[in-house]
Each structure stands twice: as structure tokens, then as C-alpha cells.
Amino acid sequence: MTSNRISVVRLALTGGLSLLVLLAACWLGALFLPFPLTHMFIGLFTSLPMNSLGALCVGGFWAFLSGAFAGALIAGFYNLLAFADRRASDSSFKFEG
């Protein structure tokens, strides 16, 4: 029987790093592009001026923590709901493909 569990730490780091990279890309966009869309994403994590280094550092910190929290929640719920796979595999219906 294979394990259907996912690493909470790995998914938390994945979520944190993903949001950190996305914030850094938006920060670069705020520096060089006139589009307000990147400003809105940065504004989720900091109230500092959008094109400041402080916005990148403070926003990056909070983006990483937020992504890590979301990743840990997703992994935790995924592992918590693993019983659904076991219940489905124990059913009498078998698909022959």
C-alpha cells in the first residue's frame, strides 16, 4: 500500500518561496512598469512605498510567511483527508480499464 501523505514542511516552503518570488517579480514590475496591478499585490503585504527596498524586504517577509502558512494548511488538510482515498479503494466497485 502506498502512502498518500504529503510533506507539510516541503509544501510550506514551496508556498513561501512561491509567494516570495511572485512579490519580487511584482516589485520589479512596480519599479519599471506603470501598471497598477503589481502595486495591488505588494499592498497585500506592506504599506511602504511600492518601489522602495523596504517594501521588498518587509513585503517579502510577510509574503513568505503567508505562503508558508497556506502551504502548511493545504498539506495538513490533504493528509487529514487521506481517509477518503482508503474508503474509495475499499469499495466493491472496481473499474476495469
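## Exercises on a predicted model

The largest nonpolar core holds nine residues in all, namely Leu23, Cys26, Trp27, Ala30, Phe41, Ile42, Phe45, Ala55 and Ala63, where a nonpolar core is a set of buried Ala, Val, Leu, Ile, Met, Phe, Trp, Tyr and Cys residues joined through side-chain atoms within 4.5 Å, and buried means under 20% relative accessible area, exposed over 50% and partly exposed in between (1.4 Å probe, protein chains only). The model is predicted, with local features needing pLDDT of at least 70 and side-chain atom pairs counting only at pLDDT 80 or more, while totals for chains, interfaces and linings use all residues. Residues are numbered from 1 along each chain as its sequence is written, and side-chain values use heavy atoms, with hydrogens and water left out.

**Exercise 1.** Find which helix supplies the largest share of this core.

*Solution.* Begin with the helices, which are DSSP runs (H or I, at least four residues) numbered from the N terminus. H1, H2 and H3 each supply at least two residues of the core. The largest share, four residues, comes from H1.

**Exercise 2.** Describe helix H1 and what covers its buried residues.

*Solution.* Helix H1 spans residues 8–32, and its 25 residues reach 36 Å from the first C-alpha to the last, close to the 36 Å expected at 1.5 Å a residue; the expected span is 1.5 Å times one less than the number of residues. Next, list the buried residues of H1, which are Ala12, Gly15, Gly16, Leu23, Cys26, Trp27, Gly29 and Ala30. Their cover includes helix H2 (37–43) and helix H3 (53–80). Finally, take Cys26, which touches Thr38, Phe41 and Ile42 when residues up to four places away in sequence are not counted, contact being heavy atoms within 4.5 Å.

**Exercise 3.** Count the aromatic pairs and classify each one.

*Solution.* Rings of Phe, Tyr and Trp (its six-membered ring) pair if their centres lie within 6.5 Å, and planes under 30 degrees apart count as stacked, over 60 as edge-to-face and the rest as tilted. By this rule there are two aromatic pairs. The ring centres of Phe41 and Phe45 are 5.3 Å apart and their planes stand at 75 degrees, so this pair is edge-to-face. Phe41 is buried at a relative accessible area of 18%, and Phe45 is buried at 13%. Phe61 and Trp62 form an edge-to-face pair, with 5.0 Å centre to centre and 80 degrees between the planes. Here Phe61 is partly exposed at 47% relative accessibility, and Trp62 is partly exposed at 44%.
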